[in-house]
Amino acid sequence: MKTYTMYFFRHGLTKGNLNAQYIGHTDLPLTTDSISEIKKIKAHRHYPRVDAVFSSPLKRCKDSAKLMFPEHNILVIDDFIEYNFGEFEGLTAEDLKDNEDFKEWLHGDINSRVPFGESNAEFIHRCCAAFEKVVDGCIKTGTQNVAVVGHAGVLMTLLACYALPEAPTAHWQMDPGYGYKLRITPSLWMQSAKLEAVDTSPITLSELEVAGE
């Protein structure tokens, strides 16, 4: 049976990342150093050949996608945007250490909500609904190799929900510019909404030669 390959890549860093701020919907650009780092990764590793590239609407993802896949038009998926941190946006855990709402959110259940932001449940539902549409669309159209350039929180959540082997969200940490290669088998997807995490990506150029690609 025909299988499909999907790649997840985390965007490059912003000043908000470096400052350990909660940055969700704020549209910060990549740092100059991060742009250079993605170019360095690309010089020594192989971002795969794909048929389509999907991205969050925020420029830190779109600009990373353009660096990784300059030959592609980027297809924006609005619901791949990062978590809505509401009142916590732009602040750090240190800033919020005495905030009771912050403490409740950190230790709360899936329905815990950020003031004027979204709940964990809403975030998961939003990301998953958008992702399932992308996967179903790829299968329907026969688009066999695709990449998603996104936020760590979004990508880790999707991997925790759909990837085999099953693992908690924290297991799926990825460095900026790096991510995972996933295999989608239509029968497995349609039966149990699962896909397989088969490797990390991008691979080195020497690994590419061994693979014969």
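Predicted model: local features only at pLDDT ≥ 70, side-chain atom pairs only at ≥ 80, totals over all residues.

Biologist: Which residues is Ala52 in contact with, once its neighbours within four places in sequence are left aside?

Modeller: With those neighbours left aside, Ala52 is in contact with His72, Leu75, Thr143, Asn145, Val146 and Ala147. As for separation, Ala52 and Met6 are 46 residues apart along the chain, and their C-alpha atoms are separated by 9.8 Å.

Biologist: How should I read the place of Ala160 and its separation from Thr204?

Modeller: Ala160 lies in helix α6 and, at 24% relative accessibility, counts as partly exposed. Ala160 and Thr204 are 44 residues apart in sequence and 26 Å apart in space, C-alpha to C-alpha. Leaving aside neighbours within four places in sequence, Ala160 is in contact with Ala167, Pro168, Thr169 and Trp172.

Biologist: At what angle do α5 and α6 pack?

Modeller: Helix α5, residues 120–141, packs with helix α6, residues 152–162, at an angle of about 75°, and their axes are 10 Å apart; α5 and α6 are therefore roughly perpendicular to each other. On the α5 side Phe123, Ile124, Cys127, Cys128, Phe131 and Glu132 take part, and they meet Gly153, Val154, Thr157, Leu158, Cys161 and Tyr162 in α6. The residues of this contact of α5 with α6 divide into nine nonpolar, two polar and one charged.

Biologist: Which members of the largest nonpolar core touch the most other members?

Modeller: The general idea is that, in soluble globular proteins, nonpolar side chains tend to be buried together. Here the largest nonpolar core has 42 residues, of which Met6, Phe8, Phe80, Phe131 and Leu158 touch the most other members. At least two residues of this core are supplied by each of β1, β3, α4, α5, β5, α6 and β7, and α5 gives the most, with nine residues. Not counting residues up to four places away in sequence, Leu158 touches Phe8, Phe80, Cys127, Cys128, Phe131 and Ala163. There is also a second, separate core of 13 residues, which includes Phe9, Tyr47, Val53 and Ala65.

Biologist: Now for the backbone: which peptide bond involving Pro165 is cis, and where does Pro165 lie?

Modeller: Most residues other than glycine have a negative phi, and most peptide bonds are trans. The peptide bond from Leu164 to Pro165 is cis, with omega near 0°, and Pro165 lies in the loop between β6 and β7. The peptide bond from Ser201 to Pro202 is also cis, with omega near 5°, and Pro202 is placed in the loop between β8 and β9.

Biologist: What is the phi of Ala20, and is this residue buried or exposed?

Modeller: Ala20 has a phi near 60°, a positive value in a residue other than glycine. Ala20 lies in the loop between α1 and α2 and is exposed, with a relative accessible area of 52%. Ala193 also has a positive phi, near 55°; this residue sits in the loop between α7 and β8 and, at 25% relative accessibility, counts as partly exposed.

Biologist: Where is Thr92, and which residues does it contact?

Modeller: Thr92 is in the loop between β4 and α4 and, at 14% relative accessibility, counts as buried. Leaving aside neighbours within four places in sequence, Thr92 is in contact with Asn19, Ala20, Gln21 and Tyr22.

Note on methods: Residues numbered from 1 in each chain as written. Heavy atoms only, no water. Axes fitted to C-alpha atoms, helices over the stretch in contact; angles between N-to-C directions. Helix = DSSP H or I, 4+ residues; strand = E, 2+ residues; numbered from the N terminus. Parallel < 35°, antiparallel > 145°, perpendicular 65-115°, else oblique. Contact = heavy atoms within 4.5 Å. Nonpolar A, V, L, I, M, F, W, Y, C, P; charged D, E, K, R; others polar. Core = buried A, V, L, I, M, F, W, Y, C linked by side-chain atoms within 4.5 Å. Buried < 20%, exposed > 50% of the residue type's maximum accessible area, 1.4 Å probe, protein only.
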